[in-house]
Structures are given as structure tokens and as C-alpha cells.
Amino acid sequence: MAVAAQQAAAWEPAVRDARTVARVRDAAVDVLSRLRDPGTAEAAGRAGARRGRPRWTPYSTAQGAGGLALAFGHLDRCLPGQGWDLVAHRHLARAVEGTARDPVKALGLFSGLAGVAFTTAYLADGRGRYRALLGDLDTSLYTRIPRRLPAVDGRGVAVGTFDVVSGWTGVAACLRVRPPGPDRDRALTTLLGWLVDLCRGCPAPDGLPAWHTPHALIADEAMRAKYPGAVANCGLAHGITGPLALLALVHADARGPAVPGHTEAIRRAASWLAAQHVADARGGGYPSVAAYPPAVEESSAAVPGARAPAPTPARDAWCYGSPGVARALWLAGTALGDSGLTAAATAALRTALARPIAWRRVDSPGFCHGVAGLLQIALRFAADTGDEAIGAAAHRLVDQLLGEYRPQSPFGYRSVEPDGTRADRVGLLEGTPGIALALLAAATPEPPAWDRFFLLS
């Protein structure tokens, strides 16, 4: 199978007036400069973890030196010749050293071996750098992917098995950016075939889609308490939206189906996801999950006959809600040549962007569930569609992030925590690096190919 990620296309930044471009670049460079020292970043990351957030792991791309290496690698592409490649190298070295102290057991993209490989490949940039390291990473990754995955049997699956954060979708996202070769192609074909089976799997006798998660396998305690039965996750971070986006992107790379059933899987998952749209006073959107009543044979934690709450739109973020779902549906519509899907996706994002800021329920400036992630999705839509309303909204999101910039704070931006307090976050997923990357995408002509990590391109 000769599927390979296409070279990044030319990029037209949404922000073009010289004054705002200068402000954006200055803010992005300033906040990243504060994290140039790996020791400083790690100390801040570990301090943040003590506030109850995910622990700092050096090799993690979401919450570790791996993510900082990715951010500085992109900064070097935007501002070459200023030494940012050496800073990226120091963070990558810190990440690799971390694998020696704490061997990588997981394969996942956000905090596992696939993330290390993705970041290293991004820094190598096809220029022959890190050849030995990439060879070792590839070999380790390819040999740890089974030649056959368990069959999709309709009994459901934990989201961590298939999602982009920890599961096979994230691993496939890494393989997508690696060069073709027998081992890589075998591993990617295995994962694509399994994801195709998952997405086109016929509903179980009780009407649940193949990718549903039985109550007993819901890992999030709050979600398990809220929903008495099974759920089918709709988020880009943890739901079927991730596999849909990945399959659509690979379909585009290959200019057609890469494995048997590929097109049908995209169509079936996209149809199901589009049907989950619900109305509300804010203009409607996509929920976090589709809920199903508990079955008698489920664990005692699920009460037969109990009712799940009615679906309501999630916040307007990358991880959950209309923006992430809209991007996946746009990619699916493009792959299928389905103008109805692309129109629905564009309309969903326009609706989200037209809401008053408070209605979006996106309070933190970071990427995962914050303004930076919403901005990057808006930038991608603006580039793909030329939609003036989305482009104008992207500019307003840049202004919003510039308004959140606090030069006097330790790292320039402060995360809004679930309890409403502010905290300093320095990981790519929730902290300063992800904000800087989205700002650079808005104001520089360098294609933001880093967002392949988030399944946006």
C-alpha cells in the first residue's frame, strides 16, 4: 500500500495587517522563549501536575518535552536561522532521555511511542536528520503493532482502544506521516482495516453502533455516573469522530480507498455522526456522547430501566463539540465528494463561531478545550472554503487570544481550570505551546503541518 501524507500546501495566513501580525509573532515568540530551557519547562510541568492535571512525562507530546520539541520545531520553520532548531533538539533529547529512565510502554500518540516518532519526524522534516533515532523508533513501533487485531464483534469497545489520544487512531495518524515501506505499510494496513471494520460495523441487535462503549468500560468516572447505560462517544479526542477524520485523511492521501470497505466506512460513520446533531437555544450542535439505556446483563453499576439525560450540545472545542465534529465531517465530505456533508460541516462551524463568546463555553486559551483549538479549526476551514464569515471569526479569535496574553505572568498565558481558578500550563495540549502554534498559524505563511497531530489536516 503506497499511502503517504501529501506535502503541506501553500498557506495563506488569516491575519495580514502588519501591526497585528507583529503582535501575534511577538506574543508567540515571547511565550515559547520562556520555555526554551528543558529544565524550566519540566519544573513548571511537574508543578502543574500537582494541581490534579495529567502528570508531566518527558517523552509525552501532549504533556512533556516531546510537545515542546514539536512547538520549537515549527517555530524554526517559521523563523529559520534563529537557533530554534537547536532549542527543539534539546527538548527532543530530553524526551528521548526520558524514555531511558521511564521506558515507553504505551503506543499512543499523545503519551506514547507514536508521539515520540511523530515529533522526531516533524523535526527531521525530510532532511535526513535523526535518521538513526527514527529508524529505531519505527522498528520498535512497527514490531509492537499486532499483525491482526481482535475482530469487531458488536459487543462494544473502550474509547482508549480506538481514539486519537491513546488508541489505534492516534497510532495510525503517526504512521500516516512516515514514508512508505513494507513494515510501515503492513502496520498501517492492519490499523486501517480494523478502523474500517469498526466504522462500518453493523449495529448490534439492540441498535448500538459497533463503536459504542458498554457502561462497564466507561473509564471516566463522571461520565459513568451520569450515564446508566452504554454510550457512543462523539468527540474528536475520544469518539468515533477521530477514526472518521483519520480514514478521510488517508482516503485523500491515497486519492481513493486504501483498504477494502474504506469508502463505505467513511460514509457510515459520517452519516451516524451527522445524525447526532441536536437543537438548543444557542443554535444547536453536537453532543459529547449518544446515550443508550442500560441492558439487563450490564454490570450492577448500571441500573436497568434508568434513563440517560437528553443529549445537549457540548462546548465548542477541538476535543468535544461542533468544531471538532465539523472538521471531521468536512474531511469526510471532501473524501466522498459529498457537498451535503461539507455544507453541513461548514454551517455547524459558522453557527458555533457566531455565538457570543460566553455561549461557546470555551474559557481557557489552550488547545484541547480552549480558544487555540477553536482558532486552528477556524483557520483550516477558512483556508479550505474561503468563507469570509469564518475568516473574520478567526481574526476575532486571534484578537481574543491577544487579549488573554499576560506578559507579566510566568508563561504569558494562564489556563482556566474546571473550578474557575487560573494555573500555569506548559504542555502542548492545554498550555502555552499549543496557543503559540495556533497564533503562528494565523499570522505566518508557514503551513501548520503540526496539526496533523490533532487530525485537522
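The questions below concern helix packing and the nonpolar core in a predicted model.

Q: Why are helix 14 and helix 16 called oblique to each other?
A: The axes of helix 14 (residues 339-354) and helix 16 (residues 371-385) come within 11 Å and cross at roughly 135°. Roughly antiparallel would require an angle over 145 degrees, and roughly perpendicular runs from 65 to 115, so the pair is classed as oblique. The crossing of these two helices, helix 14 and helix 16, is left-handed.

Q: What makes the contact of helix 14 with helix 16, and how many of its residues are nonpolar, polar or charged?
A: Helix 14 contributes Ala345, Thr346, Leu349 and Leu353, while helix 16 contributes Leu374, Ile377, Ala378, Phe381 and Thr385. By class, the contact has 7 nonpolar and 2 polar residues, with no charged residues.

Q: Why is helix 8 called roughly parallel to helix 11?
A: The axes of helix 8 and helix 11 come within 10 Å and cross at roughly 20°. Because angles under 35 degrees count as roughly parallel, helix 8 is described as roughly parallel to helix 11. The crossing of helix 8 with helix 11 is left-handed. Thr169, Ala172, Ala173 and Arg176 of helix 8 meet Gly242, Pro243, Leu246, Leu249, Val250 and Asp253 of helix 11, a contact with 6 nonpolar, 2 polar and 2 charged residues.

Q: How do you know that helix 8 is mostly covered?
A: In helix 8 (residues 168-176), 9 of its 9 residues are buried, where buried means under 20% relative accessible area. The buried residues include Trp168, Cys174 and Arg176, and what covers them includes helix 5 (113-124), helix 6 (131-144), helix 7 (159-162), helix 9 (182-200) and helix 11 (241-253).

Q: What makes Trp318 stand out in the largest nonpolar core?
A: The largest nonpolar core has 154 residues, and Trp318 is among those with the most contacts inside it, together with Phe110, Leu141 and Phe454. Leaving aside residues up to four places away in sequence, Trp318 touches a set of residues including Phe110, Val164, Leu236, Phe367, Ile377, Leu429 and Phe454.

Terms used:
Residues are numbered from 1 along each chain as its sequence is written. This is a predicted model: local features need pLDDT of at least 70, side-chain atom pairs count only at pLDDT 80 or more; totals for chains, interfaces and linings use all residues. Side-chain values use heavy atoms; hydrogens and water are left out. A nonpolar core is a set of buried Ala, Val, Leu, Ile, Met, Phe, Trp, Tyr and Cys residues joined through side-chain atoms within 4.5 Å. Buried means under 20% relative accessible area, exposed over 50%, partly exposed in between (1.4 Å probe, protein chains only). Contact means heavy atoms within 4.5 Å. Axes are lines fitted to C-alpha atoms, for helices over the stretch in contact, and angles run from 0 to 180 degrees between N-to-C directions. Helices (H or I, at least four residues) and strands (E, at least two) are DSSP runs, numbered from the N terminus. A crossing is left-handed if the near helix is turned anticlockwise from the far one by less than a right angle, and right-handed if clockwise. Ala, Val, Leu, Ile, Met, Phe, Trp, Tyr, Cys and Pro count as nonpolar, Asp, Glu, Lys and Arg as charged, and the others, Gly among them, as polar.
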